[in-house]
Amino acid sequence: MDMNRLRTNWIWLPNWIPEDDSDARIVYFRKEMMVDDALPAKKAIKITADSRYKLYINGKFVQEGPQKPLDQKEWFVDTANAAPYLVPGANVVAIEVLRFAASQNDSLYRTNTPVILVNRYIHSFETHTVCIDNYKGGYIAAMHLIEKGHRRIAHIASYKGTTPQMDRIQGFQEAMQCLPRGEYRYQVYFGDGTLERGNQVARELIKNGMPYTALFVADCQIAIGIVNTLREQGFRVPTDVSILCFDDSPYINQYGLRLSAVTYNPLSMGATAVDLLAQLMSDRLSSISHVNLTPQLIQRDSVMDINKR
């Protein structure tokens, strides 16, 4: 971000005129906040935007995020921890937002550029897609936990309403139906995909007596937050609670975790999307193409076979 912008009194687009509502624009929001000499250990900031944002505090980049709701009535909200960026006295919080015209209800509709969606689709928008078979991934995850004897399972999902999350839930629920009614407990918890979210979920489950023997977790950052908090509170993975992650990011290995995972080959997904884009740009595609990639189960050390207890 241009640092001079942080020192101006702006909100929205400087010198905004009605015509700016007819095309995509970068708009800006800025707010000053005072902080006492005693800096907080944590300071949560909630962010929602239409449709992508970058957050800065005192000129330092904090995080970015896509905010593309599936319809006009749904909004996603991210949480950022501002504490590491604060200083005593005056602080400047600035957000740079890519905004599309209000006259249309989805930014994907606002361009004639060819679009290929990767690892998601939108029901109301027909376009080319390259996706993991998230339904099958959820089914594979549930069957693995069931085969290991688990009947009380929490599904720690991320954003509610996104097609990857909802497809995984549907696949998981389908697999659970192989068990007699009343012999299992399955609960979905929605939220964002951050380490702090994992910490929060773990604390909540511990407070409630850890009513589950296994957790199926949406991605690696949530999983790392959960494992860190569980270990801090004396819980052992998988002896006390099993964890199965829908992700196999190298990020996990940096923390020395050997989590079992339902995963896919991201290089294959990227290569498939590029090949599809090349065909689309050279007019070699005569119809809408949907590519579903099959996920795989990788078994490591984080799921206990409680049948052997």
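I began with Cys245, which is buried, with a relative accessible area of 0%. I keep in mind throughout that this is a predicted model.

*Cysteines.* I next asked which cysteine sulfur is nearest to that of Cys245, and found that it belongs to Cys220, at 6.2 Å. Because a disulfide needs the two sulfur atoms within 2.5 Å, I noted Cys245 as being in no disulfide. The count of disulfides by this rule comes to 0. I also looked up Cys178, which at 48% relative accessibility counts as partly exposed, whereas Cys245 is buried.

*Aromatic pairs.* I then searched the whole structure for aromatic pairs, and the search returned 5. One of them is formed by Phe172 and Phe216, whose rings are stacked, with 5.3 Å from centre to centre and 20° between the planes. Where in the fold do these two residues lie? I placed Phe172 in helix α3 (residues 163-176) and Phe216 in strand β11 (residues 214-217), so the pair ties together parts that are 44 residues apart in sequence. Both Phe172 and Phe216 are buried.

I followed Phe216 to a further partner, Phe246, and recorded this pair as edge-to-face, with the centres 6.4 Å apart and 65° between the planes. This pair also links distant parts of the chain, since Phe216 is in strand β11 while Phe246 is in the loop between β12 (242-245) and α6 (250-254), 30 residues apart. For burial I wrote down a relative accessible area of 1% for Phe216 and of 3% for Phe246; because buried means under 20%, Phe216 counts as buried, and Phe246 does too.

Which residues make up the aromatic cluster around these rings? I listed Phe172, Tyr186, Phe216 and Phe246 as forming one cluster. While checking Phe246, I also found Arg168 lying over the face of its ring, at 3.7 Å from the ring centre.

*Asp78.* My last entry concerns Asp78, which lies in strand β5 (residues 78-81).

Key
Residues numbered from 1 in each chain as written. Predicted model: local features only at pLDDT ≥ 70, side-chain atom pairs only at ≥ 80, totals over all residues. Heavy atoms only, no water. Helix = DSSP H or I, 4+ residues; strand = E, 2+ residues; numbered from the N terminus. Phe/Tyr/Trp six-rings, centres within 6.5 Å; stacked < 30°, edge-to-face > 60°. Buried < 20%, exposed > 50% of the residue type's maximum accessible area, 1.4 Å probe, protein only. Lys NZ or Arg CZ within 6 Å of the ring centre and 35° of its normal.
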